[in-house]
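Q: Hello! I would like to learn how to read a protein model, one feature at a time. Could we go through one together?

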Amino acid sequence: MQSLFWHGPNLNPIDDEDPTTGVIKYEGEYLPKYYNQFFNPNICHVCKSVIDHGKLLQCEECHIISYCDENHKNIHHTQHNSICKLIKELVVKLVNEKKISKSYAFLGDWIRDKKMFKTEIKRKISRKLMPYENQMFMSIKSCLICHGRVGLSACENCYSVNYCTRHSLAFKDTHDKFICKKFTLSLNVNIAALTDRPTELIRDFIAFLDKKPRLLDTFRLIMTFLWSSRTQLNWSIADYVLSDYLSGPLTIYYGITRTDSPHIIDKQSNFNIHIICTNSINNNSLAAWEVLLHLFHDVDTLVITIIGQGIIPNEYKYEICELCKRFQLSLNLKPTWFQTVKAIETQYCPLFLTSPNLFKGQDTIRKIRIILNKNINPDLELKNEFHSHAPSKDYETDYINYSNKYLIIYKDLSKVNNICKRYPGYYK
Ligand SMILES: [Zn+2]
Ligand SMILES: [Zn+2]
Ligand SMILES: [Zn+2]
Ligand SMILES: [Zn+2]
């Protein structure tokens with residue numbers, strides 16, 4: 001009989017490592033709903049293969065996206081064509097006007113120009129950009145050292161950073177092994193998430209939750225899950241994906257237990273959650289929200305509404321468990337972040353915000369003050385024990401992020417609260 005309480009060695013999640021040595025192979029079908037979920041400039045956009053760098057076929061119009069051969073380039077042609085033309089026109093215009101530099105002394109200048117580029121394209125294109133197209137601009141290939149765009153090679157381990165011919169030595173000193181491993185894991189997580197079938201693992205996890213394990217943090221929870229279901233405790237790539245999906249609902253659970261407002265749940269037989277996405281959301285991750293019904297047993301109906309402009313509402317099919325015919329899901333693509341915050345102000349309902357780093361969190365707090373035009377502070381700011389363990393590359397810092405790392409809670413946006421409780425260790 002195995003205990004459901006984690007009493008193994010006190011492993012530090014920071015030591016978690018990619019269980020593979022290189023980039024995994026994508027085994028699924030070559031359909032837009034899969035390959036268009038993410039972008040990496042150093043792999044074939046369609047089959048996600050890493051191939052010898054010199055042999056990768058770059059689109060000769062926009063010079064941003066690459067394929068392994070003409071065949072895979074043609075598969076993507078109809079989806080890429082419109083944006084490709086606009087990019088080409090814009091580059092010609094900016095070069096003529098001498099508005100883009102060949103290289104940049106400061107990362108900040110390079111980021112500013114990438115953002116300007118993205119904004120220009122957004123203005124010109126007659127449709128919404130897909131999340132992977134947004135990523136195209138932020139992850140335009142450039143040398144890690146000088147940010148130049150000529151004569152580039154990619155790191156042959158992580159395929160997530162590049163260097164120019166002049167900086168191959170400096171690159172070796174700058175791009176350390178730790179970051180390289182995290183970037184590789186990040187790419188692997190993205191590839192592993194290109195599937196319609198994550199639900200089996202989520203099902204198993206939900207069955208495990210019903211045994212009422214202690215909820216300490218994402219890491220120990222998944223370790224306990226592995227402990228109860230497998231012979232070995234090493235995480236597979238799928239476990240990192242799982243930690244990412246579970247992080248959303250577990251963060252809500254954590255936030256509710258940390259605010260002294262359990263009434264949010266008690267008094268409501270219908271539990272409505274609006275998830276506001278500022279960027280993309282993986283359709284597969286939606287299945288994980290059923291977790292909340294297995295944590296809050298008194299809730300009659302859980303209604304999840306996804307609000308945001310970065311979601312692709314492709315056919316959502318998910319078999320929920322027999323006990324949970326109480327789960328409803330809807331998408332609302334229209335409102336903007338501004339409209340949503342204004343709407344929350346008029347209702348007595350808490351707002352939970354998460355951010356991958358302190359800087360972005362503080363930035364959001366500032367934005368909320370501007371939108372509501374009052375000096376409002378959050379009631380709580382804390383490190384989130386239920387953040388994701390899947391790393392992702394931060395294109396503004398060339399470092400790594402974990403989503404939902406920090407949690408900011410406003411109990412009621414209609415009141416002005418001056419005292420913000422910061423949990424110890426927040427700034428560590
Ligand atoms: Zn390919
Ligand atoms: Zn192109
Ligand atoms: Zn360089
Ligand atoms: Zn690397």
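**Helices, contacts and burial**

A: Gladly, and let us begin with a helix pair: the axes of α3 and α4 cross at roughly 145 degrees and come within 8 Å. This is a predicted model, where local features need pLDDT of at least 70, side-chain atom pairs count only at pLDDT 80 or more, and totals for chains, interfaces and linings use all residues. Residues are numbered from 1 along each chain as its sequence is written, while chains are lettered from A and ligands numbered from 1 in the order in which they are written.

Q: What do "axes" and "helices" mean here?

A: Axes are lines fitted to C-alpha atoms, for helices over the stretch in contact, with angles from 0 to 180 degrees between N-to-C directions. Helices (H or I, at least four residues) and strands (E, at least two) are DSSP runs numbered from the N terminus. This protein has 13 helices and 13 strands.

Q: Which residues make the contact of α3 with α4?

A: Two residues are in contact if their C-beta atoms, placed from the backbone, lie within 7 Å. Here α3 brings Lys 114, Phe 117 and Lys 118, and α4 brings Asn 134, Phe 137 and Met 138.

Q: How many residues of each class does that contact have?

A: Ala, Val, Leu, Ile, Met, Phe, Trp, Tyr, Cys and Pro count as nonpolar, Asp, Glu, Lys and Arg as charged, and the others, Gly among them, as polar. The contact of α3 with α4 has three nonpolar, one polar and two charged residues.

Q: How many residues of α4 are buried?

A: A residue is buried if 20 or more other C-beta atoms lie within 10 Å of its own, exposed if 12 or fewer, and partly exposed in between, with C-beta atoms placed from the backbone. In α4 (residues 131–138), six of the eight residues are buried, among them Tyr 132 and Phe 137. Their cover includes α2 (70–96) and α3 (107–124).

Q: Where is Tyr 348, and why does Tyr 348 count as exposed?

A: Tyr 348 is in the loop between α12 (337–345) and β8 (351–355). Tyr 348 counts as exposed because it has 11 C-beta neighbours inside 10 Å.

Q: What is the angle between α7 and α8?

A: Helices α7 (residues 199–209) and α8 (residues 218–229) pack at about 95 degrees, with axes 11 Å apart. So α7 is roughly perpendicular to α8; angles under 35 degrees count as roughly parallel, over 145 as roughly antiparallel, 65 to 115 as roughly perpendicular and the rest as oblique.
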